[in-house]
Amino acid sequence: MRQHLRSLDAFCDVDTWIFDLDNTLYPEHINLFAQVDVRMRDFVQRLTGSGPDEAHRLQKDYYRRYGTTLRGLMLEHGISPDEFLKYVHDIDHSAVQPDPELGAAIDKLPGRKFIMTNGTVSHAEKVANRLGITDRFEDIFDIVAADHLPKPHAETYDRFLTLKGIDPTKAAMFEDLPRNLTVPHELGMRTVLIVPRGTREVLRESWELEGSADPHIEFVADGLAEFLGEILVKIRRPE
């Protein structure tokens with residue numbers, strides 16, 4: 001699946017590279033997030049005293065309406081986020097394997113690099129360590145740094161950009177969810193949606209790809225490392 005609404009020349013003036021974590025920095029077929037998904041359902045079930053089906057329904061409803069299940073639980077049930085975040089990210093990260101090709105590509109990108117995730121720093125560090133790319137990033141902006149207001153809320157992007165002193169017109173954002181690229185596009189970022197071949201077979205929710213063909217998605221790529229390689233060819237040897 002590939003869609004280029006703009007030329008790769010659009011990356012020539014980019015000096016800041018922003019990456020989502022789950023299903024972006026590692027291939028979605030690993031399905032690591034499935035473990036988090038199960039633990040979120042279990043947490044909701046214990047909190048509400050509901051059965052597994054109703055807990056699952058509530059979890060997904062909050063995710064869709066509020067951006068994260070956590071946000072919904074905070075607003076609808078008044079929970080403190082710390083216990084939730086610690087519980088749902090207590091998973092086995094061993095399915096994530098080292099990716100030297102990705103590490104080399106990120107290393108060659110000119111400028112600053114960040115991870116921006118609706119997860120936690122701890123979870124992001126474990127994933128990055130498994131991939132072998134931890135030292136490529138200046139910082140990780142997580143859900144705690146966002147004051148628990150997740151992407152796609154505009155305030156969260158503003159908070160991140162202001163905190164890090166980033167000019168969005170010289171930045172690129174890589175994501176696996178179309179709705180999380182709406183605000184970056186409006187701010188002037190290059191927007192790249194990572195949608196691997198066969199991804200529909202492992203998507204947790206069919207609506208998650210809604211908007212993938214909309215104008216705010218400037219590029220769609222099958223894999224991150226391969227696409228970064230294409231960018232590097234362009235920005236190092238402009239035509």
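Student: Where in the secondary structure is Ala221 found?
Tutor: Helices and strands are DSSP runs numbered from the N terminus, a helix being H or I over at least four residues and a strand being E over at least two. Here Ala221 belongs to strand β7, which covers residues 219-221. This is a predicted model, in which local features need pLDDT of at least 70 and side-chain atom pairs count only at pLDDT 80 or more, while totals for chains, interfaces and linings use all residues. Residues are numbered from 1 along each chain as its sequence is written, and side-chain values use heavy atoms, with hydrogens and water left out.

Student: Is Ala221 buried or exposed?
Tutor: Buried means under 20% relative accessible area, exposed means over 50%, and partly exposed lies in between, using a 1.4 Å probe and protein chains only. Ala221 counts as buried because its relative accessible area is 1%.

Student: How much of the chain is buried, and how many helices and strands does the chain have?
Tutor: The chain has 239 residues, of which 52% count as buried, and its secondary structure comes to 9 helices and 7 strands.

Student: What does Thr69 touch?
Tutor: Contact means heavy atoms within 4.5 Å. Thr69 sits in helix α3, residues 69-77, and, leaving out residues up to four places away in sequence, touches Met40, Val44, Gln59, Tyr62, Tyr63 and Phe84. Thr69 is buried, since its relative accessible area is 2%. Leu131, in helix α6 (residues 121-131), is likewise a buried residue, with a relative accessible area of 3%. Beyond four places in sequence, the contacts of Leu131 include Leu25, Tyr26 and Gln97, and the C-alpha atoms of Leu131 and Gln97 are separated by 5.6 Å while the residues are 34 apart along the chain.

Student: What is the share of contacts between residues 24 or more positions apart?
Tutor: Among contacts in the chain with a separation of 6 or more, such pairs account for 73%.

Student: Which residues have the most contacts inside the largest nonpolar core?
Tutor: In soluble globular proteins, nonpolar side chains tend to be buried together. A nonpolar core is a set of buried Ala, Val, Leu, Ile, Met, Phe, Trp, Tyr and Cys residues joined through side-chain atoms within 4.5 Å. The largest one here has 53 residues, and those with the most contacts inside it are Phe11, Phe19, Leu25, Phe174 and Leu228. Helix α9, residues 224-236, gives the largest share of this core, 7 residues. Apart from this core lies another, of 18 residues, among them Met116, Phe160, Leu161 and Val220.

Student: How many salt bridges does the structure hold?
Tutor: A salt bridge is a side-chain nitrogen of Lys or Arg within 4 Å of a carboxyl oxygen of Asp or Glu. The structure holds 13 of them. One joins Asp9 and Lys234, with the closest N and O atoms 3.6 Å apart. Asp9 lies in the loop between β1 (3-4) and β2 (16-19) and Lys234 in helix α9, so this pair ties together parts that are 225 residues apart in sequence. Another joins Asp20 and Lys151, whose closest N and O atoms are 3.0 Å apart. Asp20 is buried at 7% relative accessibility, and Lys151 is buried at 2%. Through shared partners, salt bridges join Asp20, Lys151 and Glu175 into one network.

Student: What is the nearest side chain of opposite charge to Lys113?
Tutor: Lys and Arg count as positive and Asp and Glu as negative, while His and the chain ends are not counted. Lys113, in strand β3 (residues 112-116), is buried yet has no salt bridge, and the nearest side chain of opposite charge is Asp107, 5.2 Å away. The side chain of Lys113 does reach the backbone oxygen of Asp107, at 3.5 Å.

Student: What is the mean pLDDT of the chain?
Tutor: pLDDT is the predictor's confidence in each residue, from 0 to 100. The mean for the chain is 90, and 90% of its residues reach 70 or more. Over residues 200-204, however, pLDDT stays under 50.

Conventions:
A polar contact is a pair of N or O atoms within 3.5 Å; within protein, one must be able to donate a hydrogen and the other to accept it, and residues adjacent in sequence count only if both atoms are side-chain atoms.
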